[in-house]
Amino acid sequence: MFPGALSAFLVGGAPGARSLPERHDTYGTPYSAMAVSVPDGSSAQEFANVLARDPFRIPVVELGREGVRAELDAVRIGTMHRFKGLEFQRVFLTSVGEGQVPHQRIEQYRLENPDRYRQEEQRARSLVFVAATRARDEPIVTWSGKASRFLPRDADETAYRATDLLGMDRPPSGSSGSAAA
């Protein structure tokens with residue numbers, strides 16, 4: 001029904017869409033203090049459309065060139081590029097799987113242009129770092145398939161499953177709700 005990365009975020013084995021209302025309703029985190037980071041613009045639109053509809057009905061706003069529209073209590077969705085200089089209480093990094101981050105298209109440079117390959121790989125690594133460090137209290141990373149090479153080597157074996165994180169007495173970070181970013 002959904003592409004792999006979106007499917008993993010919505011229903012798969014990693015924390016996903018159900019974590020957004022759970023963090024909002026149970027822990028009091030305003031939607032405006034949560035953000036979803038995606039690797040590319042088409043994914044941002046796709047995630048926004050799905051989250052806004054049934055069964056989720058989560059208020060969303062895409063991060064644009066103009067930045068955050070702070071007056072809305074809505075989850076911010078944007079590409080990793082859009083997260084520079086922003087901060088949110090909770091950031092969901094989605095699609096951080098091998099072939100997505102870094103994108104599989106950089107493989108064309110591995111043999112024919114090794115310098116370009118290293119440059120593209122470092123650019124992707126930096127974007128993951130920037131997006132992950134935008135979370136003040138809780139970064140949540142999701143992927144489908146194999147975890148990105150930029151995540152810890154044992155991420156596939158040691159990651160929590162969505163069902164493990166939902167319904168805990170408190171968020172894994174131990175933080176409570178607070179004002180929006």
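I started with helix H3, residues 41–52, in this predicted model. At 1.5 Å a residue, its 12 residues should span 16 Å, and I found the end C-alpha atoms 17 Å apart, which agrees.

Which residues of H3 are buried? I looked them up: Ser-43, Ala-44, Phe-47, Ala-48, Val-50 and Leu-51.

Next, the sheet. I noted an open sheet of 5 strands, paired in parallel, in the order S2-S3-S1-S4-S5. At the edges I found strand S2 (60–62) and strand S5 (135–141), each pairing on one side only.

A reminder to myself: strands of a sheet pair through backbone hydrogen bonds, either parallel or antiparallel.

Then I went through the partners of S4. Strand S1 (residues 34–38) pairs with strand S4 (residues 88–93) in the parallel sense, over 4 bridges. I traced two partners across: Ala-35 has Val-91 in S4 as its bridge partner, and Val-36 has Phe-92. S4 and S5 also run parallel, joined by 5 bridges. There I picked out Leu-93, which stands opposite Val-141 in S5.

Is S4 buried or exposed? I found 6 of its 6 residues buried, so S4 is largely enclosed by the rest of the structure.

Last entry: what packs on this sheet? Helix H5 (residues 114–132) does, and I saw that H5 touches S1, S4 and S5. I noted the direction of H5 at about 145° to that of S4.

Key:
Residues are numbered from 1 along each chain as its sequence is written. This is a predicted model: local features need pLDDT of at least 70, side-chain atom pairs count only at pLDDT 80 or more; totals for chains, interfaces and linings use all residues. Side-chain values use heavy atoms; hydrogens and water are left out. Two strands pair if DSSP finds at least two bridges between them. Helices (H or I, at least four residues) and strands (E, at least two) are DSSP runs, numbered from the N terminus. Contact means heavy atoms within 4.5 Å. Axes are lines fitted to C-alpha atoms, for helices over the stretch in contact, and angles run from 0 to 180 degrees between N-to-C directions. The expected span of a helix is 1.5 Å times one less than its number of residues. Buried means under 20% relative accessible area, exposed over 50%, partly exposed in between (1.4 Å probe, protein chains only).
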